[in-house]
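Dear colleague,

Please find below the structure that I am handing over to you. My findings follow it, arranged by site.

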Amino acid sequence: MNASPNLQASPNLLECNCLAIRQAARHVSQFYDQLFAPVGLRATQFAILYRLRRDGPMTINALAAALVMDRTTLGRNILPLQRDGLIEIAASPADRRRRELRLSAAGADKLRRANERWAIAQTRFDAVFGSERAAQLRDLLREVVASEFAAAE
């Protein structure tokens, strides 16, 4: 018996939620990366520095969870930040066995300069997409991140 799938019952790739979200994410990330380039950061690195400034020192696991990234991907992204002195990895004052990521003074300065580029990116995105639609999109995407569909199986 042939186990080939029924092509008419197959989903249309144009209707694939994952593909559409990933394509949009890559498109927007490339746009932000271009604007961050003069500062020497990528969008993911900006998010890491911003989160450390906002939330203070945290473990790599906590940061990965906050950014909805796997630990390995986060590790690859923090290596150049550490190499360039933008973040520091040190023992936690509360538990010397626990390692925490911290924003360095150089990282805070780089983040300040990157914030100016981020504001330009936000303004351009809103000008093209519309401020209200952009706000609605962010709200919808936050709902996706908060949803439990992935744990349903």
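A surface patch here is built from residues with over 30% relative accessible area and no salt bridge, and nonpolar side chains are joined into one patch within 5 Å. Please note that the model is a predicted one.

By that definition, Ile-21, Leu-141, Val-144 and Phe-149 make a nonpolar surface patch of about 370 Å². Phe-149 is located in the segment that comes after helix H6 (131-146). This residue counts as exposed because its relative accessibility is 59%, and the cut-off for exposed is over 50%.

Lys-110 belongs to helix H5 (residues 105-129). Lys-110 is buried, yet has no salt bridge. Asp-84, the nearest side chain of opposite charge, is 6.2 Å away, whereas a salt bridge requires the nitrogen and the carboxyl oxygen to be within 4 Å. If neighbours within four places in sequence are set aside, the residues in contact with Lys-110 are Val-39, Gly-40, Leu-41, Leu-49 and Leu-86.

A polar atom of the Thr-59 side chain lies 3.0 Å from the backbone nitrogen of Ala-62. Beyond its neighbours within four places in sequence, Thr-59 is in contact with Arg-98, Arg-99 and Glu-100.

With kind regards

How values were computed:
Residues are numbered from 1 along each chain as its sequence is written. This is a predicted model: local features need pLDDT of at least 70, side-chain atom pairs count only at pLDDT 80 or more; totals for chains, interfaces and linings use all residues. Side-chain values use heavy atoms; hydrogens and water are left out. Helices (H or I, at least four residues) and strands (E, at least two) are DSSP runs, numbered from the N terminus. Buried means under 20% relative accessible area, exposed over 50%, partly exposed in between (1.4 Å probe, protein chains only). Lys and Arg count as positive and Asp and Glu as negative; His and the chain ends are not counted. Contact means heavy atoms within 4.5 Å. Patches are made of residues with over 30% relative accessible area and no salt bridge: like charges are joined within 9 Å, nonpolar side chains (Val, Leu, Ile, Met, Phe, Trp, Tyr) within 5 Å. Accessible areas come from the Shrake-Rupley method with a 1.4 Å probe; for residues, only the protein chains shown count as cover. A polar contact is a pair of N or O atoms within 3.5 Å; within protein, one must be able to donate a hydrogen and the other to accept it, and residues adjacent in sequence count only if both atoms are side-chain atoms.
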